[in-house]
Amino acid sequence: MSVTDPVCGLEFDESLAIVHEFKDKKYYFCCNGCRKIFIKKPRKYKN
Ligand SMILES: [Zn+2]
């Protein structure tokens, strides 16, 4: 299954993703850098 990184928009396989849970929702990131950006401003990326 492929997922999309909400910060950089990259698509990749779920098995390669860094998973982060926020308000009962799972978000998938390509790297820790993107995850950190999301954690700083999660409201900007909620979908
Ligand atoms: Zn990314």
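Which residues does D5 touch, not counting residues up to four places away in sequence? They are L10, F12, Y28, F29, C30 and C34, where contact means heavy atoms within 4.5 Å. The views below start from the whole chain and then come back to D5.

This is a predicted model, in which local features need pLDDT of at least 70 and side-chain atom pairs count only at pLDDT 80 or more, while totals for chains, interfaces and linings use all residues. Residues are numbered from 1 along each chain as its sequence is written, and side-chain values use heavy atoms, with hydrogens and water left out.

**View 1. The protein chain has two helices and four strands.** Here helices (H or I, at least four residues) and strands (E, at least two) are DSSP runs, numbered from the N terminus. Read from the N terminus, the order of elements is β-β-β-β-α-α. Along the principal axes, the C-alpha atoms fill a box of roughly 25 × 20 × 15 Å. Of the 47 residues, 26% are buried (under 20% relative accessible area; exposed is over 50% and partly exposed lies in between, with a 1.4 Å probe and protein chains only). Among contacts with a separation of 6 or more, 18% join residues 24 or more positions apart.

**View 2. Four residues hold the zinc ion in a tetrahedral site.** The zinc ion is coordinated by D5 (OD), C8 (SG), C30 (SG) and C34 (SG) at 2.1 to 2.3 Å; donors are N, O and S atoms within 2.8 Å of the metal (3.2 Å for Na, K and Ca), and water is not among the atoms, so sites may look incomplete. Angles among the four donor atoms run from 100 to 117°, and four donors count as tetrahedral if all angles lie between 85 and 135 degrees. For reference, the ideal angle for four tetrahedral donors is 109.5 degrees. Along the chain, the donors follow the spacing D-x2-C-x21-C-x3-C. Because D5 lies in the loop between β1 (2-4) and β2 (11-13) and C34 in helix α1 (residues 32-40), this pair ties together parts 29 residues apart in sequence.

**View 3. D5 is a buried residue without a salt bridge.** Its relative accessibility is 1%, and C34 is likewise buried, at 8%. A salt bridge needs a side-chain nitrogen of Lys or Arg within 4 Å of a carboxyl oxygen of Asp or Glu, and the nearest side chain of opposite charge to D5, R35, is 10 Å away. The D5 side chain does reach the backbone nitrogen of V7 at 2.8 Å and the backbone nitrogen of C8 at 3.3 Å.

**View 4. I18 sits in strand β3 (residues 18-22).** I18 is partly exposed, with 25% relative accessibility. Beyond four places in sequence, I18 touches Y27, Y28, F29, C30, C31, N32 and R35. One of these, C31, is in the loop between β4 (25-29) and α1 and is partly exposed at 30%.

**View 5. K23 and D24 have positive phi values.** Phi is near 50° for K23 and about 65° for D24. Most residues other than glycine have a negative phi. K23 is in the loop between β3 and β4, and D24 lies in the loop between β3 and β4 too. K23 counts as exposed at 72% relative accessibility, and D24 counts as exposed at 80%.

Notes: Four donors count as tetrahedral if all angles lie between 85 and 135 degrees; four count as square planar and six as octahedral if opposite donors are over 155 degrees apart and all others between 65 and 115; anything else is irregular. Lys and Arg count as positive and Asp and Glu as negative; His and the chain ends are not counted. A polar contact is a pair of N or O atoms within 3.5 Å; within protein, one must be able to donate a hydrogen and the other to accept it, and residues adjacent in sequence count only if both atoms are side-chain atoms.
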